[in-house]
Structures are given as structure tokens and as C-alpha cells.
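Subject: Structure handover

Hello,

Here is the structure I promised to pass on. Please open it next to this email and follow along.

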Amino acid sequence: MDNLSVKELQQRIKDLEKQNRLLRKKLERSEANRVALENTYEIQSKLVNQVIQGLEKSQAEAQTRSQELEEAFNNLQMMQAKLVESEKMSALGMLVAGIAHEINNPMSFIAANISYAYTYVQKLIDLLNLYQEVYPQPDSKVTDLVKDIELEFLVQDLFKLLNSMQIGSDRICKIVLGLRTFSRLDEAEYKAADLHEGLDSTLMLLQHRLKSAGAHPSITVVKHYGQLPQILCFAGQMNQVFMNILANAIDAIEELYTKRTRHETQRNSGCITISTSIVDSHWAEIVIADNGLGMSEEVRHKIFNPFFTTKPVGKGTGMGLSISYQIIVDKHGGKLDCFSKMGEGTKFIIQIPLQ
């Protein structure tokens, strides 16, 4: 019985060892399968990561290309607008130059002959005075005619007429000079120019908008010109900048007029102040300020953006200040800043390097 128990135990031990070997083999196969699965998972994870990275890279490239296309489209629109604006201003310059030339020829003739007219009239009056001295008792016909034409009044008024003609002639000559100065819009040469002349010629062209109209009073222009040397610049393009900023200042004041009552408007009429000076010995500074409607901070941050405008359709293209910024900053290496508050007006500061 004891022997059988030993045999049974030995058999059981053998069976257990066999089962143990089978279990080890299964465990080894399971471990191998686990390793294989892990390797497969790592490979798949790597493939998935590569696909994700590829998609992210493609998305980034697509966004970059989309931004490049959008920027190219905006640049194309800007260039088109600049070409249109440049062509328009060039045509305006040629038109103004032609008008100035056509006015200048007959006006020069008139202006040159007014002084001769003064001399001739004075000689005729001297002759009349001499006749009165030599013939103190003229014929009754002469006396009657003297009374009819009111000779004394006629002589006094004749000189007043000539004086008015002289003043008008001088005024027209100044206008022609202003037109000729502003007509340098089509000049492409970079040379020394008097910025004060450019400002004055621009104001002369805008004079009709500064006068009173209906319920709107006139707009006052106050000049505080400093001592500016001749500045190297594109004179015509600088005139274009002055025109854009001054026209916007007038628009802002007119817009404020429409929002005020007549009493408020008359009490606080529009005013544009132009100041020039040298800053830090390196910059020529032109400050153009108005007491118009002003603008919000949100609008102020956008005013130099192409095609941005707060004006109604047909009144503004949104390119004036954008082109002005490019002229000052890109072409002249200068600075153009704007400061404004709603209801308090706007100030533009232009700085051009002296050298």
C-alpha cells in the first residue's frame, strides 16, 4: 500500500511536471504574442503619429499658402488702387498745370498793363486839371457835361476801380502760382522743396470748402510756421498727403456742423491749425489739427488700413490715408501718427527726416 502510494505520488509528480512544462510553453507563447503585439502597437503608433504629423504639416502649409494668397490678393488690390489714385492725381496735376498756364498768359498781360493804365489815367487827369487852370470859365456845354458825368466823383472812383483791379490781379497771380506749385503732383524727381509752399498751394485749392455755406460758418485756418529748410522729398507726393489730411479735416468739421445746433455751430466754429517746426535737429515736423468730430480708438487704429473708410459710398475710397502713410513712411522714411478723441478733434503729426 505504501509502495502504491509512492508510485502514485511519483506519477502525480510527473504529471505535474508535464503540466508545468505545458504551462511554461503556453506562457512563453503568450509572452511572445505579447511582445509581438507590443511591437505591432508601437509600429502602428509610429505610423499614426507620422500620419498625424503629415496632416498637421499639410494643414500648416495650407494655412501658410492661404495667408500668402490673401496677402498677395490684398497687395494686388492695393497696387491697383495706388495705380488708380496715382493716375488720377497725375491727371489732376496735368489738368491744374494746364489751367494755370492758360490763366497765366492773359493774366500776365492784364497785370502788366494795369500799371500803364494808372499812368495814362493820371496823365489825362493832369491834362484836365491843366485845362481847368488855363480855361477857368469853360463853355456851358463843357460845364453841363462835367455835371452830368459827375467828374469829381468819376476821378475818385476811377482810381478805386484801378486799385481793385490791381488787388484782383495780384490775387489771381497768387492763385496761378499756387496752382503751378500744386501741379507738381506728377513730378517723380526727389529734390529739395519748400513744404510751406506745398501747404499754402493745397489750402488755396481747398479755399472754396473753407468758406461759409448756408448755415455752416467758414472754417478758420491758423498757421504757426516755423523755420523749415528746403526738404529733400517728392514734392508732388507731399502735396498729395497734405491734400488728403486737410480734406479729411474739413470733412470732420462739416460732419460736426451737421450734428450741432446752429447756435452751437456759430459759437464754436471750425478751426484747422497747421504748425511746422524742427524736432531733435533731425526731423521736419508738420502738425495738422482740427476741432472736428474726432474718432473712436477702434476707428483710429484702422484709418491707415487700405480700403477702410467711415464715409458713405461714393464719398470716400478708403485709400487716401493709406497712400499717405506709404508716401511718408515707405518713400520718405518718415513717421505719420494720428491722435483723436470723439468730440474733441483729430491731430495728424508728419515727420520727415532732414537728411
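Below is what was found in it, topic by topic.

Confidence first. This is a predicted model. The protein averages a pLDDT of 82. At least 70 is the score of 85% of the residues. Strand 5 (residues 283-290) has the highest confidence, with a mean of 95. Helix 7 (residues 262-267) has the lowest, with a mean of 54.

Now the salt bridges. The count comes to 5. Start with aspartate 251 and arginine 209. Their closest N and O atoms are 2.5 Å apart. Aspartate 251 sits in helix 6 (residues 235-259) and arginine 209 in helix 5 (residues 207-210), so this pair ties together parts that are 42 residues apart in sequence. Is aspartate 251 buried or exposed? It counts as buried, because its relative accessibility is 13% and the cut-off for buried is under 20%. Arginine 209 is partly exposed, at 22%.

Arginine 209 has another partner. Glutamate 254 forms a salt bridge with it, and here the closest N and O atoms are 3.1 Å apart. Glutamate 254 also belongs to helix 6, so this bridge to helix 5 ties together parts that are 45 residues apart in sequence. Glutamate 254 is partly exposed, with a relative accessible area of 24%.

Lysine 302 forms a salt bridge with glutamate 298, with the closest N and O atoms 3.6 Å apart. Lysine 302 is partly exposed, at 33%. Glutamate 298 is exposed, at 54%. As for shared partners, salt bridges join Arg209, Asp251 and Glu254 into one network.

Next, a patch on the surface. Which residues form it? They are Leu124, Leu127, Leu130, Tyr131, Val134 and Tyr135. The patch is nonpolar, and together these residues have about 630 Å² of accessible area. Take leucine 130 from that list. It lies in helix 1 (residues 2-134).

Last, serine 322. Find it in helix 9 (residues 320-331). Serine 322 counts as buried, because its relative accessibility is 2%. What does serine 322 touch? Leaving out residues up to four places away in sequence, it touches Ile303, Phe304, Asn305 and Pro306.

Best wishes

How values were computed
Residues numbered from 1 in each chain as written. Predicted model: local features only at pLDDT ≥ 70, side-chain atom pairs only at ≥ 80, totals over all residues. Heavy atoms only, no water. Patch = residues over 30% accessible without salt bridge, like charges linked within 9 Å, V, L, I, M, F, W, Y side chains within 5 Å. Areas by Shrake-Rupley, 256 points an atom, 1.4 Å probe, with all protein chains shown as cover. Salt bridge = Lys/Arg side-chain N within 4 Å of Asp/Glu carboxyl O. Helix = DSSP H or I, 4+ residues; strand = E, 2+ residues; numbered from the N terminus. pLDDT = per-residue confidence, 0-100. Buried < 20%, exposed > 50% of the residue type's maximum accessible area, 1.4 Å probe, protein only. Contact = heavy atoms within 4.5 Å.
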